[in-house]
Amino acid sequence: MSENESASRPATGLSERDTAILDFEREWTRHVGAKEEAISSQFHVSSARYYQMLNSVIDTPAAVRYDPMLISRLRRTRDKRTRAVRTTNHHNEE
């Protein structure tokens, strides 16, 4: 890790972008407008890319150390959506 990379990493072991994503997830309902608009405005990425980054972050031990309750909630939400998609796909195949 270079000196610049270590300087940009808080003591949590997460990058500034990762902590910004987790902070956004904790407080996004306070943003005016749709979540997708807030994602685009704050992170300058598509919603699809944002959710890829979020899913990557919430699978890290550093994220759990940063905010265990938030990570637990986000993982449950993701798992519920994954199960719903699998169930829907399974029923469509029959």
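Predicted model: local features only at pLDDT ≥ 70, side-chain atom pairs only at ≥ 80, totals over all residues.
## Helix packing and the nonpolar core

Helix 2 and helix 3 run roughly antiparallel to each other, because their packing angle of about 155° is over the 145 degrees that this description requires.

**Helix 2 against helix 3**

- The axes of helix 2 and helix 3 are 12 Å apart, and the crossing of these two helices is right-handed.
- On the side of helix 2 the contact is formed by Ala 20, Ile 21, Phe 24 and Glu 25, while helix 3 contributes Lys 35, Ala 38, Ile 39, Gln 42 and Phe 43.
- Sorted by class, the residues in the contact of helix 2 with helix 3 comprise six nonpolar, one polar and two charged.

**Helix 3 against helix 4**

- Helix 3, which covers residues 35-43, packs against helix 4, which covers residues 47-58, at an angle of about 80° and with the axes 9 Å apart.
- Because this angle of about 80° falls in the range of 65 to 115 degrees, helix 3 and helix 4 are described as roughly perpendicular to each other.
- Where the two helices meet, Lys 35, Glu 36, Ile 39 and Phe 43 come from helix 3, and Ser 47, Tyr 50 and Tyr 51 come from helix 4.
- The contact of helix 3 with helix 4 is made up of four nonpolar, one polar and two charged residues.

**The largest nonpolar core**

- The largest nonpolar core contains 17 residues, and within this core the residues with the most contacts are Leu 22, Tyr 50 and Leu 54.
- Two or more residues of this core come from each of helix 2 (16-27), helix 3, helix 4, helix 5 (61-66) and helix 6 (68-93), and helix 4 gives the most, with five residues.
- When neighbours within four places in sequence are left aside, Leu 22 is in contact with Leu 14, Leu 54, Val 57, Ile 58, Ala 63, Tyr 66, Leu 70, Ile 71 and Leu 74.

- Arg 78 touches Asn 55, Ile 58 and Asp 59, if residues up to four places away in sequence are not counted.
- Although Arg 78 and Asn 55 are 23 residues apart along the chain, their C-alpha atoms are separated by 8.2 Å.

Note on methods: Residues numbered from 1 in each chain as written. Heavy atoms only, no water. Axes fitted to C-alpha atoms, helices over the stretch in contact; angles between N-to-C directions. Helix = DSSP H or I, 4+ residues; strand = E, 2+ residues; numbered from the N terminus. Parallel < 35°, antiparallel > 145°, perpendicular 65-115°, else oblique. Contact = heavy atoms within 4.5 Å. Nonpolar A, V, L, I, M, F, W, Y, C, P; charged D, E, K, R; others polar. Core = buried A, V, L, I, M, F, W, Y, C linked by side-chain atoms within 4.5 Å. Buried < 20%, exposed > 50% of the residue type's maximum accessible area, 1.4 Å probe, protein only. Left-handed = near helix turned anticlockwise from the far one by under 90°.
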